[in-house]
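Please look over the model below before reading on.

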Amino acid sequence: MYTVLIQDDNSVIATVRQRIMQNSNLVDSLRIIVPKTYNDIDLSGCTAYLEYLTPINHRHNYIELEIANAEYETDYILYQISFDANLTSEVGDLKFYVHFI
């Protein structure tokens, strides 16, 4: 499990790091923790998307995130997805962004 915390100032901290193997499929997971509110906007009513860019071929894709726990430690929302073959298809650091709509 790899866990990142997105803070109020948009900085990201990896709170739990784990080496993810290339081509692993539905074995490991990515947890994204965000505050419930951002600039007085309630994010629990928004749809969250993970946008990622692969490191070698620069393939660009979106995944809709599902809430795993809407009351995570009271003031946060926890999203969790399993790493699939699309996310782990290439060796290197995966760049990603989280969007709320």
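**Sheet**

This is a predicted model. An open sheet is built from 5 strands. Their order is β2-β1-β3-β9-β8, and the pairing is mixed. Strands β2 (12–16) and β8 (67–72) are the edges, and each of them pairs on one side only. From one strand to the next, the twist averages 20°.

Strand β3 (residues 29–35) and strand β9 (residues 76–82) run antiparallel and are joined by 7 bridges. In general, the strands of a sheet pair through backbone hydrogen bonds, either parallel or antiparallel.

**Largest pocket**

The volume of the largest pocket is about 950 Å³. Its lining counts 33 residues. Nearest the centre of this pocket lie Tyr2, Val4, Leu30, Leu94 and Phe96. Which elements give two or more residues to the lining? They are β1 (2–6), β2, β3, β4 (37–38) and β10 (95–100). Strand β10 gives the largest share, with 4 residues. By class, the lining of the largest pocket holds 22 nonpolar, 7 polar and 4 charged residues.

**Aromatic pair**

Searching the whole structure gives 1 aromatic pair. Tyrosine 79 and phenylalanine 100 form it, at 6.3 Å centre to centre. Their planes make an angle of 55°, and the pair is tilted. Why does the pair tie together parts that are apart in sequence? Tyrosine 79 lies in strand β9 and phenylalanine 100 in strand β10, so the pair links parts 21 residues apart in sequence.

**Burial**

| Residue | Relative accessibility | Class |
|---|---|---|
| Tyrosine 79 | 2% | buried |
| Phenylalanine 100 | 28% | partly exposed |
| Glutamate 90 | 11% | buried |

The cut-off for buried is under 20% relative accessible area. Tyrosine 79 is at 2%, so tyrosine 79 counts as buried. Phenylalanine 100 is at 28%, so phenylalanine 100 falls in the partly exposed class, between the 20% and 50% limits.

Where does glutamate 90 sit? Glutamate 90 is in the loop between β9 and β10. At 11%, glutamate 90 is under the 20% limit and therefore buried. Glutamate 90 and isoleucine 67 are 23 residues apart along the chain. Their C-alpha atoms are separated by 27 Å.

Note on methods: Residues numbered from 1 in each chain as written. Predicted model: local features only at pLDDT ≥ 70, side-chain atom pairs only at ≥ 80, totals over all residues. Heavy atoms only, no water. Pairing = 2+ DSSP bridges. Axes fitted to C-alpha atoms, helices over the stretch in contact; angles between N-to-C directions. 1 Å grid on protein atoms, 1.4 Å probe; cavity = no way out; pocket = protein on both sides within 12 Å on 5 of 7 lines; lining within 4 Å. Points joined across faces, edges and corners; volume = space filled by probe spheres on them. Nonpolar A, V, L, I, M, F, W, Y, C, P; charged D, E, K, R; others polar. Phe/Tyr/Trp six-rings, centres within 6.5 Å; stacked < 30°, edge-to-face > 60°. Buried < 20%, exposed > 50% of the residue type's maximum accessible area, 1.4 Å probe, protein only.
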